[in-house]
Amino acid sequence: MAELNQVSAADFELLPNDRKRNDETIEKPSLSFAQDAWRRLKKNKGAFVSLWIIIVIFLGAFLSVPYANTTTTSKQNVMQQNLPPRIPGNIPGFRGEQKIDGEKFNAYERANVKKGETHIFGTDQFGRDIFKRVLYGTRISLEVALIAALIDLVFGVSYGLISGWKGGRVDMVMQRIVEIVSSVPNLVVFVLLILIMKPGLFSIALGISLTSWTSMARLVRADVLSLKEQDFISAARTLGTSPIKTGLRHLVPNVSSTIIVQLMFTIPSAIFFEALLSFIGIGIPVPMASLGTLLNDGQTAFQFYPYQLVFPAIVMSVLMIAFNLLADGLRDAFDPRTRD
């Protein structure tokens, strides 16, 4: 035992100075929650590319107001009906050529269109430029979705916060109301709303938000039920902080990730539902146009002029896919269990 207790300095190996410094350095930088979420979002290539696609579509739709508005998109020219797509250059599919009864010809020359005048997506049966109408329709669809998301954000989040914070009988009654609202079909709610209000942009957004807020309220309530038992909430109560300040300072920041992710799922759902309503003829009224009305117009001429349906369908599909990929990426980025 005595030999075991006798330990000398020679028994230890001294490390070089450069190795000491390397062992003591912190490999990962100190990041805040938002910075870490942004870093993980950038690592998700699909979500990051979708984010830029959405930004480009938003900029193209909302910055094109002088170019694509109610006046320019409703302007008709019967001499330029059903012209195919044409852009400068010799690009296959965009040369302005048509083929009818086996005869291939330049539709722009036959319609006596001015030299240099082009229509990127062609024209419809009234001679209206489809590219302008797609820009305008995308803007209207996004506005409907944003209004619905804003109402969902204000009402759904407030409802979920109150329900989860109060608990007990108040929570039970509020959740029974949510179940009743969820059981009513969306289309029934919208048709009843149309009977009361004038069809338009706000009435459609309100009809969508009246049925979509329940998912947001349930998710926020579930987070609040677990958060209100945490120590920092108990400390705020002990210090005499009012429930409103506690909710704004502590609860809302901690459920912000859930709110953002749910909003990213709400927007494409609202776009799709608005398109469905406009497609069946009870949505955006004339002379306004949305992606749904463009799809409705395009499907009637699809057999002879497929481009009138293809271009609006592509834009809507890209929007839906991009928002869903971004929502999946945000969900993973905000989830602490996925941290590496």
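## Ground rules

Helices here are DSSP runs of H or I with at least four residues, and strands are runs of E with at least two; both are numbered from the N terminus. Helix α4, for example, covers residues 45–62 and holds both F48 and W52.

This is a predicted model, in which local features need pLDDT of at least 70, side-chain atom pairs count only at pLDDT 80 or more, and totals for chains, interfaces and linings use all residues. Residues are numbered from 1 along each chain as its sequence is written, and side-chain values use heavy atoms, leaving out hydrogens and water.

## Aromatic pairs

The structure holds 11 aromatic pairs. Rings of Phe, Tyr and Trp (its six-membered ring) pair if their centres lie within 6.5 Å; planes under 30 degrees apart are stacked, over 60 edge-to-face, and the rest tilted.

F48 and W52 lie four residues apart in α4, about one turn of the helix. F48 is partly exposed at 22%. W52 is also partly exposed, at 47%.

F155 and Y159 make a tilted pair, with 5.9 Å between centres and 40° between planes. Both sit in helix α7, four residues apart, which means a separation of about one helical turn. F155 is partly exposed at 43% relative accessibility. Y159 is buried at 11%.

## A cluster and two charges

Y67, F94, F121, F131 and F311 form one aromatic cluster. A charge also meets one of these rings: K132 lies over the face of Y67, 5.0 Å from the ring centre. To count, NZ of Lys or CZ of Arg must be within 6 Å of the ring centre and within 35 degrees of the ring normal.

V65 lies in the loop between α4 and α5 (70–74). V65 is partly exposed, at 38% relative accessibility.

## Helix α8

Helix α8 runs over residues 168–183.

Four residues named as buried in α8 are D171, M174, Q175 and V178. Seen down the axis, the buried residues of α8 fall within an arc of 100°, so they line one face of the helix. The arc is taken from the directions between the helix axis and the C-beta atoms. These buried residues pack against α7 (130–166) and α10 (201–227). The face turned away from the buried side carries the exposed residues R169, I180 and S183.

## T266 in helix α12

T266 is found in helix α12 (residues 243–279). T266 is buried, with a relative accessible area of 6%. Its side chain reaches the backbone oxygen of Q262 at 2.8 Å.

Contact means heavy atoms within 4.5 Å. Leaving aside neighbours within four places in sequence, T266 is in contact with D152 and S212.

Note on methods:
Buried < 20%, exposed > 50% of the residue type's maximum accessible area, 1.4 Å probe, protein only. Polar contact = N/O pair within 3.5 Å; in protein donor to acceptor, adjacent residues only side chain to side chain.
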